[in-house]
Amino acid sequence: MPNDKEEGMFPARQITEILGGRKRLGRSVSSLDDFDALVREGFPWAAASHAKKVLSISDVDFASMLEMSPRTLARKKKEQSRLNLVFSDRLFRLIRIVSFASDVLEGLNHALSWLNEAQVGLGGRVPMDLIRTEAGAREVEQLLGRLEYGVVS
């Protein structure tokens, strides 16, 4: 069985941990297929809430990262309901990039700091702003890849 890096993904274990593990996800998740199924089903609110806590961001910032209105976030929180496919996919992208940054920068705190600061290799843009879109997320991944392999950016 190929490992996470060979599948073109960052460590499933770390992504799962940021989302609160089996307890909050409601099942074991260890492959891209597992994540795909869970995204399509919708992440449970408990997993989203755990990720928000790990990322140390406010409700307003979390809603903004998911391109969700604060009112929708408040409703999901109150109802403890699942996120839909679109919001789940955005959350997965966010956590995937955070996980990769954590791996490259050797720690979650370093990663969160780096992701929230303007980066020369991104033309002075802030990675967290870029990862709101798939194209921007790819730019951030490419820069992290260069950093991982010691290419000056």
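**Helix faces, an aromatic pair and a pocket**

In helix H8, which spans residues 108–115, the buried residues are Ala111, Leu112, Trp114 and Leu115. As for what sits over the buried residues of H8, the cover includes H4, H7, helix H9 (127–130) and helix H10 (134–148). All of this is read from a predicted model.

Helix H6 (residues 70–79) can be described in much the same terms. Its buried residues are Thr72, Leu73 and Lys76. They span an arc of only 100 degrees around the axis, which puts them on the same side of H6. As a general point, an α-helix has 3.6 residues a turn, so residues three or four places apart point the same way. Over on the other side of H6, Pro70, Arg71 and Lys78 are exposed. The cover on the buried residues of H6 includes helix H4 (45–55), helix H5 (59–65) and helix H7 (85–104).

A few backbone angles are worth a look here. In the loop between H5 and H6 sits Glu67, which isn't a glycine but still has a positive phi of about 55 degrees. Glu67 counts as partly exposed, its relative accessibility being 44%. The loop between H4 and H5 holds Ser56, another residue other than glycine with a positive phi, in this case near 55 degrees. With a relative accessible area of 62%, Ser56 is exposed.

Next, the aromatic rings. Searching the whole structure turns up one aromatic pair. It is made by Phe35 and Phe92, whose ring centres are 5.0 Å apart and whose planes meet at 45 degrees, so the pair is tilted. Phe35 belongs to helix H3 (residues 32–41) and Phe92 to helix H7, so the pair ties together parts that are 57 residues apart in sequence. Both partners are tucked away: Phe35 is buried at 1% relative accessibility, and Phe92 is buried with a relative accessible area of 11%.

Phe35 and Phe92 also turn up in the lining of the second largest pocket, along with Leu32, Asp36, Val39, Asp89, Arg93, Arg96 and Glu134. This pocket holds about 160 Å³ of space. The elements that give two or more residues to its lining are H3 and H7. Sorted by class, the lining has four nonpolar residues, five charged ones and no polar ones.

One more residue of helix H7 deserves a mention, namely Ser88. Its relative accessibility is 0%, so Ser88 counts as buried. Leaving aside residues up to four places away in sequence, Ser88 touches Val39, Gly42, Phe43 and Leu83. One of these, Val39, is also among the residues lining the second largest pocket. From C-alpha to C-alpha, Ser88 is 8.3 Å from Leu38 in space, although the two are 50 residues apart in sequence.

Note on methods:
Residues numbered from 1 in each chain as written. Predicted model: local features only at pLDDT ≥ 70, side-chain atom pairs only at ≥ 80, totals over all residues. Heavy atoms only, no water. Buried < 20%, exposed > 50% of the residue type's maximum accessible area, 1.4 Å probe, protein only. Helix = DSSP H or I, 4+ residues; strand = E, 2+ residues; numbered from the N terminus. Arc of directions from axis to C-beta. Contact = heavy atoms within 4.5 Å. Phe/Tyr/Trp six-rings, centres within 6.5 Å; stacked < 30°, edge-to-face > 60°. 1 Å grid on protein atoms, 1.4 Å probe; cavity = no way out; pocket = protein on both sides within 12 Å on 5 of 7 lines; lining within 4 Å. Points joined across faces, edges and corners; volume = space filled by probe spheres on them. Nonpolar A, V, L, I, M, F, W, Y, C, P; charged D, E, K, R; others polar.
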